[in-house]
Amino acid sequence: MNIEEFFELSAGKWFSHRTSHHLAFKQSEDGKSDILIESLAANHPEVIKLCEQYEIAPSKASCGARVTWNGTMEWDEEKHIGSTVLVTVPDENNPHEGKLLREMGYAEKAPVAGTYKMGSDGALTLLTEYETMSSEERLWFASPNLRMRVSVLKRFGGFSMASFTSEIRMGGSPTKASETANSASS
């Protein structure tokens, strides 16, 4: 599976259940979200705009996605609502690796560029360095309608958080992407 196929297979409406472990405080918490992932073509205006923001030629982008979420965490009553655009820029020498541009970061609410690597097993690994922390995230499909995600967030002061997320597709399964996943798992 390549990065474009991974993004295409990710498109749709998902129910997400996350368990996070705050290692420094020896506490865990659950969260639930509805997530909508929309594929964006490499020439989509939002993809072009994000490339230009990072001073990268838009022609180098291979694909993009708009991710919208609406969720809650067990420890607060506040709704966690947001949206971001992601764009992949493959390495010219190795198309299975490259930059992942984000309109808004996962751990810090600011634009951030990280790196991605598609493994031979079809899993996507994301590495991101923020101003005060770093994150490593691994995503893979157990089936076309079940996506798994593990992440580790490390603060430079020593605090860490690990989480496991299962995401179940609730709708919008693209036919071509499902065929890709089935052939990849065969």
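**Close-up views of a predicted model**

**View 1. Thr165 in its buried setting within strand E10.** With a relative accessible area of 2%, Thr165 is buried in this predicted model, because that value falls under the 20% limit for buried residues. The residue belongs to strand E10, which spans residues 160-171. Leaving aside residues up to four places away in sequence, Thr165 touches Ser16, His17 and Arg18, and also Arg147, Met148 and Arg149.

**View 2. The buried side of helix H2 and its cover.** Helix H2 comprises residues 45-53, and Val47, Leu50 and Cys51 are buried in it. These residues lie on the same side of H2, because they cover an arc of only 100° around the axis. The cover over the buried residues of H2 includes strands E2 (27-40), E3 (63-73), E4 (79-90) and E5 (97-102).

**View 3. The opposite face of helix H2.** Pro45, Lys49 and Glu52 are exposed residues, carried on the face of H2 that is turned away from its buried side.

**View 4. Glu55 in the loop after helix H2.** Glu55 follows H2 and has a positive phi, near 55°. The residue is placed in the loop between H2 and E3. Most residues other than glycine have a negative phi. Glu55 is not a glycine, yet its phi is positive, at about 55°. Glu55 counts as exposed, because its relative accessibility of 74% is over the 50% limit.

Technical notes. Residues numbered from 1 in each chain as written. Predicted model: local features only at pLDDT ≥ 70, side-chain atom pairs only at ≥ 80, totals over all residues. Heavy atoms only, no water. Helix = DSSP H or I, 4+ residues; strand = E, 2+ residues; numbered from the N terminus. Buried < 20%, exposed > 50% of the residue type's maximum accessible area, 1.4 Å probe, protein only. Contact = heavy atoms within 4.5 Å. Arc of directions from axis to C-beta.
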